[in-house]
Amino acid sequence: MNVQRLPAEQQYQNQLNALREADTFAKPAGWQLSPKMVRTFILGSEQPIAGQAITRKIYGNDSAVERAIVTLLGQQGLLLVGEPGTAKSLLSELLTAAICGNSTLTVQGSAGLFEENIRYSWNYAALLKSGPTLDAMVPGPLYQAMKNGAIMRFEELTRCPTEVQDSLIPVLSDRILHIPEIQHEQNYLLSQPGFNIIATANLNDRGVNQISSALKRRFNFETLKPLAQRKDRIELVLSQVNDRLQYDDIGLRLDQDTATLLVTVFDELKAGTVAGIAIESPSTLLSVPEAINLAYHAAMQCHYFGEQAITPAHLATYLQGAVIKDNHKDEACLHDYLRVIKRKRSNDPLWCSFLEGSQDAGR
């Protein structure tokens with residue numbers, strides 16, 4: 001399909017089909033895969049299943065993935081919390097794709113979100129003609145998920161008003177959605193087996209809109225932590241960038257050495273130390289997704305401007321845009337870092353290329 005990005009259930013359709021074909025384990029009511037196969041879909045398999053390679057899609061947090069699956073087995077919502085860039089939204093999408101085959105019943109939390117954006121709204125032409133009936137209703141993601149026994153995804157829960165958050169309490173408690181506008185038909189909806197809610201919350205948004213104690217009790221919290229292992233961060237950058245390039249039908253690929261250098265730059269800037277020399281860290285959150293986007297932009301430059309390979313110089317061209325966002329002091333931090341690199345690593349060809357690119361970017 002000629003689209004920018006496919007939902008997970010379409011992107012990984014072959015893997016999901018193979019897992020369904022080979023799945024001989026017990027499945028909960030409303031689930032398309034057994035819990036064991038859901039875990040395999042997300043964390044990958046060393047051996048092909050039904051002739052299909054099952055790739056790892058979440059790096060690190062393996063035990064958190066398993067606990068998240070167990071939470072969804074019961075009638076309790078799942079709230080994924082963590083720093084930006086810890087794959088909360090990705091895990092939410094993958095879980096939903098594997099369990100119910102539809103990850104698109106999604107609500108994006110914001111200050112402008114209203115209850116009707118989640119539950120249902122009305123076709124006003126039909127409403128004026130025949131009044132509030134089921135035919136005049138426009139189902140929202142929550143209504144569709146409850147009716148079809150699917151999972152609704154609620155992104156950035158803490159960014160929406162408290163009263164909108166609390167509208168989820170009766171749904172999670174009693175598995176019922178009241179429709180008080182309707183008088184002459186059944187004015188409530190009972191959830192079907194398989195229904196649940198996966199929400200995400202950014203730890204940096206604490207204090208924006210606090211979750212009430214009542215709603216917290218309806219969710220099981222699972223914290224996703226940044227990747228602790230450097231090799232996992234490198235592997236994630238490599239796989240994500242090259243998968244995107246393959247999807248876009250671009251022949252270039254990011255190599256291991258260049259990916260390693262990029263992760264090293266991000267790690268050193270975040271840690272505030274280079275070869276034992278302390279530097280001031282920038283205020284920007286340099287996450288793995290930011291590194292992936294930077295490398296992808298470098299690849300786009302190479303592809304469309306006639307370069308044959310992605311080099312450290314191309315990465316350096318976009319580093320300034322990743323580091324310096326809304327704090328002018330971060331520019332001094334970056335320049336300080338580059339000065340240390342020039343003193344300590346000027347004999348390394350890869351780092352020389354990186355330094356050349358940073359000089360070109362500053363012109």
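## Domain organisation

The protein chain is divided into domain 1 (8–223) and domain 2 (230–361), with bounds taken from an automatic or database domain assignment. The model is predicted, so local features need pLDDT of at least 70 and side-chain atom pairs count only at pLDDT 80 or more, while totals for chains, interfaces and linings use all residues. Residues are numbered from 1 along each chain as its sequence is written, and side-chain values use heavy atoms, with hydrogens and water left out.

Taken over C-alpha atoms, the centres of domain 1 and domain 2 are 35 Å apart.

## Interface between the domains

Contact (heavy atoms within 4.5 Å) links 4 residues of domain 1 with 7 residues of domain 2. The two domains bury about 530 Å² between them, 66% of it on carbon and sulfur atoms; buried area is the accessible area (1.4 Å probe) that two parts lose on being put together, summed over both. Tyr59, Pro84 and Gly85 account for 74% of the area that domain 1 buries against domain 2, more than any other three residues.

Between domain 1 and domain 2 there are 0 salt bridges, a salt bridge being a side-chain nitrogen of Lys or Arg within 4 Å of a carboxyl oxygen of Asp or Glu.

## Aromatic pairs

The whole structure holds 3 aromatic pairs. Rings of Phe, Tyr and Trp (its six-membered ring) pair if their centres lie within 6.5 Å, and planes under 30 degrees apart count as stacked, over 60 as edge-to-face and the rest as tilted. One of the pairs joins tyrosine 120 and tryptophan 122, edge-to-face, at 5.7 Å centre to centre and 80° between the planes.

Tyrosine 120 is buried at a relative accessible area of 2%, and tryptophan 122 is buried at 13%; buried means under 20% relative accessible area, exposed over 50%, and partly exposed in between (1.4 Å probe, protein chains only).
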